[in-house]
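Work through the exercises below with the model open. Each task is followed by a stepwise solution.

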Amino acid sequence: MISHFSLPRLSLRFIPIWRRNFMVWKKMAGSSILGHLADPVIYMLGLGYGLGGMLPEIGGMPYITFLAAGTVCYSTMNSASFEVLYSGFTRMHEQRTWEAILNTPITLDDIVFSEIVWAASKSLLSGLAVLAVIWLLGLSHSPLTLWLIPLSLLVGLCFASLGLIMTAIAPGYDFFMYYFTLIITPMVLLCGVFFPVDRLPPLLQTVSSILPLTHAIDLARPLLNDVIPANFLWHIAALLGYALAGFYVSLVLLRKRLSQ
Amino acid sequence: MDNVNTVLSARGLRKYYGGQAVVDGLDISIRRGECFGLLGPNGAGKTTTLRLLLGLITPDAGELRLLDHAVPEQSRAARLRVGVVPQMDNLDPDFSVAENLLVYGRYFGMSDAAIEARLPELLEFANLAQKRDAKIPTLSGGMKRRLTLARALVNDPEVIFLDEPTIGLDPQARHLIWQRLRELTARGKTLLLTTHFMDEAERLCHRLAVMDNGRIISEGSPRELIGRNIEPQVVEVFGEGAAEWARSHAAHHAQRFEISGETVFCYVGDAQPLLLELQRQPELRYLHRPANLEDVFLKLTGREMRE
């Protein structure tokens with residue numbers, strides 16, 4: 001008896017699905033790059049220079065550098081979230097792409113894994129774009145910034161897995177507004193993207209300390225400042241934990257949804 | 001497996017949704033090279049049966065083997081040698097005709113070179129050689145169906161599952177699909193199709209199973225089903241007075257009759273006495289024809305609407 005709760009069974013058959021998504025993405029790369037990559041960079045520059053001109057240094061770095069660390073995490077989070085929610089729902093529900101794939105030797109476990117890896121790939125691309133701007137503008141000269149590349153992938157895996165839980169229970173696209181308004185936007189404000197967490201009341205600081213985006217930013221910000229992050233193993237473990245838990249929960253929910 | 005020529009066998013297959021049996025003790029055995037039709041009204045459990053047979057959902061009871069693999073446990077291995085034409089169109093709208101075939105072939109682990117080598121034959125089979133680079137939204141309904149059929153053949157499967165393969169198509173498009181399906185059986189492929197078009201079942205299928213409420217209620221060749229279940233001749237009587245006439249007279253001349261709206265269906269072994277009677281009733285019009293699969297279907301599953 002195959003249970004909805006059994007552990008994921010993975011295979012390399014997720015690769016052709018990744019290639020399918022990449023083939024679709026290549027056809028719309030122009031608008032995708034503009035929307036998901038240029039947009040956060042424009043915000044970062046606008047706020048960084050505009051607001052940064054009025055602010056003293058924060059945590060030993062100019063405001064724009066402070067903001068750049070937040071932007072790497074924020075934009076990688078957004079890329080993965082949008083991908084698994086809107087595009088993932090399109091593939092699952094609107095276009096019935098999953099249904100077509102399930103008639104081949106590929107299983108739902110492979111599909112769910114491919115969704116997460118694909119969304120993380122888009123996060124990686126977002127991370128690289130912001131990083132390129134950081135280097136071009138000379139916001140950081142530290143070789144430690146190279147660690148932002150695997151970090152983008154990890155943040156992508158984490159938020160792809162969490163977002164897929166929403167996709168699994170969504171009746172339609174409108175449902176995703178709840179996730180962005182009630183979870184993503186408050187998280188952006190609580191996790192230190194725009195201002196340091198220690199400006200928050202103590203209760204909110206406690207809430208902030210368990211949120212995945214805080215762990216991501218606690219890794220990214222020191223790296224930009226040429227410092228090895230404190231407790232980096234703990235932050236990595238937390239992000240991995242969110243990713244694995246999200247993967248398992250979304251897989252169970254999707255197994256249920258697709259066996260109806 | 002009962003013998004080497006059985007490609008699919010199911011015994012006592014059951015699936016419940018919310019305490020309700022959607023598939024309720026199904027036994028099916030399909031031989032290599034035959035076209036097997038699963039007939040039934042909407043909600044009879046046809047699509048659920050197909051999903052069980054492919055290992056996409058887990059049965060609550062029963063034993064199932066497809067191409068010598070236990071399903072659902074080894075359904076991945078079984079699906080490597082199966083092609084599926086789903087009821088709802090799920091082609092990739094962002095891709096061209098050829099790209100759809102390429103991407104789908106990769107799901108079976110085929111190399112790009114192996115898929116490319118099969119492309120001309122598949123496009124030819126689907127009458128889409130001229131549309132190789134066309135985008136999916138520009139194709140007609142018939143073209144999309146043919147491409148879906150070609151896509152199901154990309155891995156050169158031994159068994160092909162077709163769920164309502166001609167639904168929503170115009171007569172020209174349906175005839176072309178039927179021709180292609182006959183070509184496939186001529187090549188030795190095994191076909192399992194669901195349909196509620198009786199002419200489709202009668203034309204294509206070597207054997208049929210009529211399904212209702214999750215059970216098979218009759219099984220055999222189209223001729224056997226007609227011979228076993230129904231009188232050989234049908235006289236349909238129409239007109240305003242038809243129902244009234246039937247209530248007083250039909251029983252004298254027909255073994256069995258049914259009144260459906262303003263039409264009376266009379267089922268008879270010998271139609272002559274009834275035709276003579278009808279010639280004496282100038283206000284009634286009638287049609288005399290041999291019994292067909294639709295008569296069997298309606299007798300077995302009833303005339304009331306299924307929604």
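**Exercise 1.** Find which strands helix H8 of chain B lies across, and give its angle to S10(B).

Solution. Helix H8 (residues 222-229) of chain B lies across strand S9 (207-212) and S10 of chain B. It runs at about 105° to S10(B). Helices (H or I, at least four residues) and strands (E, at least two) are DSSP runs, numbered from the N terminus. Axes are lines fitted to C-alpha atoms, for helices over the stretch in contact, and angles run from 0 to 180 degrees between N-to-C directions. Residues are in contact if their C-beta atoms, placed from the backbone, lie within 7 Å. Next, take helix H11 (residues 293-301) of chain B, which packs on the sheet and touches S3, S9 and S10 of chain B. The direction of H11 makes about 30° with that of S9(B).

The model is predicted: local features need pLDDT of at least 70, side-chain atom pairs count only at pLDDT 80 or more, and totals for chains, interfaces and linings use all residues. Residues are numbered from 1 along each chain as its sequence is written, while chains are lettered from A and ligands numbered from 1 in the order in which they are written.

**Exercise 2.** Determine the strand order of the six-stranded open sheet of chain B.

Solution. The order is S6-S7-S8-S3-S9-S10, with mixed pairing. Two strands pair if DSSP finds at least two bridges between them. At the edges, strand S6 (82-85) and strand S10 (215-220) of chain B each pair on one side only. Now look inside the sheet: strand S3 (residues 35-39) and strand S8 (residues 190-195) of chain B are parallel, with five bridges. One check is Phe36(B), whose bridge partner in S8(B) is Leu192(B).

**Exercise 3.** Describe how H3(B) packs against H4(B).

Solution. Helix H3 (residues 97-107) and helix H4 (residues 112-125) of chain B pack at about 135°, with axes 10 Å apart. H3(B) is therefore oblique to H4(B), as angles under 35 degrees count as roughly parallel, over 145 as roughly antiparallel, 65 to 115 as roughly perpendicular and the rest as oblique. Contact residues include Leu101(B) of H3(B) and Ile115(B) of H4(B).

**Exercise 4.** How many residues of chain A are in contact with chain B?

Solution. Count 21 residues of chain A, in contact with 19 residues of chain B. Then locate the main supplier: H1(A) gives the most to this side of chain A, with six residues.

Key: Contact = placed C-beta atoms within 7 Å.
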